Amino acid sequence: MNILVKTVGGGVFSKLMIAIQSILYSEFSGKINDVNDINNIYIDIDRNRICRIRNKNININPFNFALEQNEDLVFDRTILSHPPKHYGGKVYTDVLNHKDLNKLRIICSKIKIKKDILSLVNNNIGISTLGVHVRLTDMNRIHPEYGVSSTKNYIDKINDVIVGGNNKIFVASDNINSLKILKDNFNIISNETTNRNSDEKSGNYMQYLRNRCSDKQLWIDSFLEMISLSKCGELIYKVSNLNNASVIFSNTIKKTYKL
C-alpha cells in the first residue's frame with residue numbers, strides 16, 4: 001500500500017507528528033487496519049488547509065529536503081491529517097509509554113530520511129549515550145502548561161541521571177547559550193546547526209522558525225538533531241514534537257526523563 005499524507009501544523013515536527021498520527025488514526029480517510037501493509041509514504045503539506053501565517057512558502061514541499069520519497073507513485077490512499085485533538089488526545093507527553101508505540105515505530109520505518117543527513121550523525125552517539133533535548137526559548141511563554149524551565153534545570157537533571165555513571169552526552173538545543181553553558185559543565189557531543197536562537201530568552205524564536213519554515217537548511221538541521229537523539233539510549237526531554245519524533249524513530253531509547 002502506498003500512502004499520500006497531506007499534513008498541517010506549525011513547525012517541522014508538528015507537521016511530521018500530525019502526519020504520523022493521522023496514518024495511525026485515519027478514521028477521516030478510512031482506517032488502515034494493519035500498518036505493516038504500508039509500503040511507501042509520501043508526506044506533503046496540505047496547501048488548502050495549512051495556516052499561511054505560520055507557513056510562508058507553500059509552493060514547495062519542504063519534506064523533500066529531508067526525506068527520500070517519490071511523488072510519482074500510484075497512491076492507494078490519500079490521508080488528510082488532523083491535529084491530535086481530533087483523536088481525543090493532546091501532544092504526547094510520554095511517548096515511550098504510548099499504547100501504540102510499536103505501531104508508530106512501524107510507520108516511521110516506512111519513512112526514509114535522506115542518506116546525506118544520516119551521514120552527518122556523529123558516530124560516537126550510541127546506546128550508552130544520554131540524549132538531552134533543550135527546548136526553552138518561546139516554549140516557556142507559549143506552552144507554560146508543560147512547565148517553565150531554564151538551562152539550570154537541565155544541568156540539575158543531567159547530574160541526577162548520570163550520578164555514578166559514565167554516560168556520553170549528546171545535546172540538541174534550540175539556543176546557542178544553553179549549549180555553551182552545558183559544554184562548560186559537561187563533556188558533550190553536539191551538532192553544528194543553524195536552527196538555534198541566541199539564548200533561551202532573547203528574540204522571538206517562533207517567528208524565526210516561521211520565517212524559515214521553507215528553508216532547506218532548517219529542515220536538514222532539524223532532522224539531524226532529531227535523528228541524532230534517536231540513536232541515544234536514554235533521553236532527557238521537555239515536551240515537544242522533536243523529541244516525540246526522536247523516540248518513535250528510535251530502536252535504542254529505553255528510558256526517558258521528563259523535565
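Because the model is predicted, local features need pLDDT of at least 70 and side-chain atom pairs count only at pLDDT 80 or more, while totals for chains, interfaces and linings use all residues. Residues are numbered from 1 along each chain as its sequence is written, and side-chain values use heavy atoms, with hydrogens and water left out.

A cavity here is a set of points on a 1 Å grid over the protein atoms alone where a 1.4 Å probe fits but cannot get out, and its lining residues have an atom within 4 Å of a point. Volume is the space filled by probe spheres set on the points, which are joined across faces, edges and corners.

The largest cavity holds about 40 Å³. Its lining includes Lys15, Asn55, Cys213 and Trp219.

Ser230 counts as buried because its relative accessibility is 2%, buried meaning under 20% relative accessible area (1.4 Å probe, protein chains only). The Ser230 side chain reaches the backbone oxygen of Ile227 at 2.6 Å. Leaving aside neighbours within four places in sequence, Ser230 is in contact (heavy atoms within 4.5 Å) with residues including Ser246, Phe249 and Ile253.

Terms used. 1 Å grid on protein atoms, 1.4 Å probe; cavity = no way out; pocket = protein on both sides within 12 Å on 5 of 7 lines; lining within 4 Å. Buried < 20%, exposed > 50% of the residue type's maximum accessible area, 1.4 Å probe, protein only. Polar contact = N/O pair within 3.5 Å; in protein donor to acceptor, adjacent residues only side chain to side chain.
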